[in-house]
Amino acid sequence: MERAGYGAIMSPLFEEIGVFLRLGDSTEIVTKEMYDFRDKGDNHIALRPELTASVVRAYVQHRPPTPWKVWYEGPQFRYERPQAGRYRQFSQVGIEALGTDDPMIDAEVISLASSFYADLGLRQVRLLLNSLGDPTCRPIYVEALREWFQSHLSDLSEQSQHTLLANPLRVLDSKREQDQQLIDDAPVMADYLTAETAEHFAGVRSGLDRLGIAYEISPRLVRGLDYYTRTTFEFASDALGTAQNAVGGGGRYDQLASELGGPDTPGIGFALGVDRILLACDAEASFEPPDSRVSVFVIDVTGGVEALALCNRLQSAAIGADRAYDARSMKAQMRAADRSGARFAAIVGEDEIANGVITLRDLRGDTGQAAIPTNEIINEIEKRLL
Ligand code: AMP
């Protein structure tokens, strides 16, 4: 992300609730998923359920020059029903780009998300793409959708009948078996796009085509938050169970800055779900966890202060080093060294100190054991780790 010119932004964990209430009254996040409370100053506060609104709030408040491109990572909080891959505190990595609606930035943003998965070795992640229309065509489509579901109301699940009253678009999100046929036959946004929005969407697709990024057009993809317009996308992992297979998503939110009291500023971004990505990495066995956090385990049979000093030297030279505590016996320390998974044990005893050496033992048995002059220990370990 930084190679593409995105700077890090660290947003607060909580905001005045109004920042998130503007997301639209019908979003589930607002109606039932927010952790909110009154603080000692009687301010109505919410733990952030997502970061786009916070970032746009920061934009409106500080007005940085555009295009403003930022990335973030950190915990989000939603009062959801906890289950595999769905937690009340979860972590996201994301980016936002404000100040241009050039379709090439849509393609850039999507490609950055896509390479995030690829770089982790994930192969079973699919990109789903849709356009949600703009403020001209979207309301017409929403009306058509409302009419469609209204005319088949008795076939709709009770839950979706409630959703329909609040927001017909969200009915498309229903996973209930009973609703699927009606959803499949419902009107699609693509047939309602204005010429301008259709052209923008074609631009995004041509950018993705040029980058060789595969995608599926998914006309039912509406996403959870109401502020999305035009380009929307989601990444689904086929390695995860179908219920929680979304490993990230995002889209355009061209009205959000003005809704938060700022100047008209188009924006686009994504948020990737770190917890689910890790589940997908496990499911695909995309990489092995490292054997050990450290390369060297220091064994000190002179009381412990030599281990402190040697660990410190090694760590300063960017070599991971750990040790045992409480002046344990040599045997106990050797056991701890084996358990640590470190490649080498570096042994400091009375003899070693007297001779100005450190005994370096290869714990994987490859190169045996050698007495290394104390001032050469760093070089020697670096050489052997190559
Ligand atoms: P959203 O902010 O709803 O667009 O979510 C973006 C991504 O965050 C999703 O695709 C998930 O990977 C992840 N995510 C959302 N909610 C949760 C949750 N409750 N627990 C774990 N991951 C989540």
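I started at D326, which is exposed, with a relative accessible area of 70%. My cut-offs: buried is under 20% relative accessible area, exposed is over 50%, and partly exposed lies in between, with a 1.4 Å probe and protein chains only. This is a predicted model, where local features need pLDDT of at least 70 and side-chain atom pairs count only at pLDDT 80 or more, while totals for chains, interfaces and linings use all residues. Residues are numbered from 1 along each chain as its sequence is written, and side-chain values use heavy atoms, with hydrogens and water left out.

I looked up the phi of D326. It is positive, about 70 degrees, although D326 is not a glycine. D326 lies in the loop between β13 (321-323) and α13. I took helices (H or I, at least four residues) and strands (E, at least two) as DSSP runs, numbered from the N terminus.

A285 also has a positive phi, about 45 degrees, and is not a glycine. I found A285 in the loop between α11 (274-284) and β12 (296-300). A285 counts as exposed at 55% relative accessibility.

Next I checked peptide bonds. The bond from T66 to P67 is cis, with omega near -5 degrees. P67 sits in the loop between α3 (52-62) and β5 (68-77). I noted these cases because most residues other than glycine have a negative phi, and most peptide bonds are trans.

**Salt bridges**

How many salt bridges does the structure hold? I read 15. The criterion is a side-chain nitrogen of Lys or Arg within 4 Å of a carboxyl oxygen of Asp or Glu.

D106 and R252 meet through their side chains at 2.7 Å, N to O. This pair links distant parts of the chain: D106 is in helix α4 (residues 103-119), R252 is in strand β10 (residues 246-252), and they are 146 residues apart. Both D106 and R252 are buried. A network of salt bridges links D101, D106, R230, R252 and D254.

R126 bridges to D238, with the closest N and O atoms 2.9 Å apart. Again the pair links distant parts of the chain, 112 residues apart: R126 is in strand β7 (residues 125-131), and D238 is in the loop between β9 (229-237) and β10. R126 counts as partly exposed at 29% relative accessibility. D238 is partly exposed too, at 42%.

K383 pairs with E380, the closest N and O atoms being 3.4 Å apart. These two are about one helical turn apart, because they are three residues apart in helix α15 (residues 377-385). K383 is exposed at 57% relative accessibility, whereas E380 is buried at 16%.

**The sheet**

I traced an open sheet of eight strands with mixed pairing, in the order β1-β5-β6-β11-β10-β9-β7-β8. Its edge strands, β1 (7-8) and β8 (216-217), each pair on one side only. Two strands pair if DSSP finds at least two bridges between them. Five bridges join β10 to the antiparallel strand β11 (residues 267-273). R252 stands opposite I268 in β11.

**A charged patch**

Which residues form the positive surface patch? I listed R328, K331, R335 and R339. Patch residues have over 30% relative accessible area and no salt bridge; like charges are joined within 9 Å, and nonpolar side chains (Val, Leu, Ile, Met, Phe, Trp, Tyr) within 5 Å. R339 is in helix α13 (residues 330-340). R339 is exposed, with a relative accessible area of 63%.

Technical notes: Areas by Shrake-Rupley, 256 points an atom, 1.4 Å probe, with all protein chains shown as cover. Lys, Arg positive; Asp, Glu negative; His and termini not counted. Charge placed at Lys NZ, Arg CZ, Asp CG, Glu CD.
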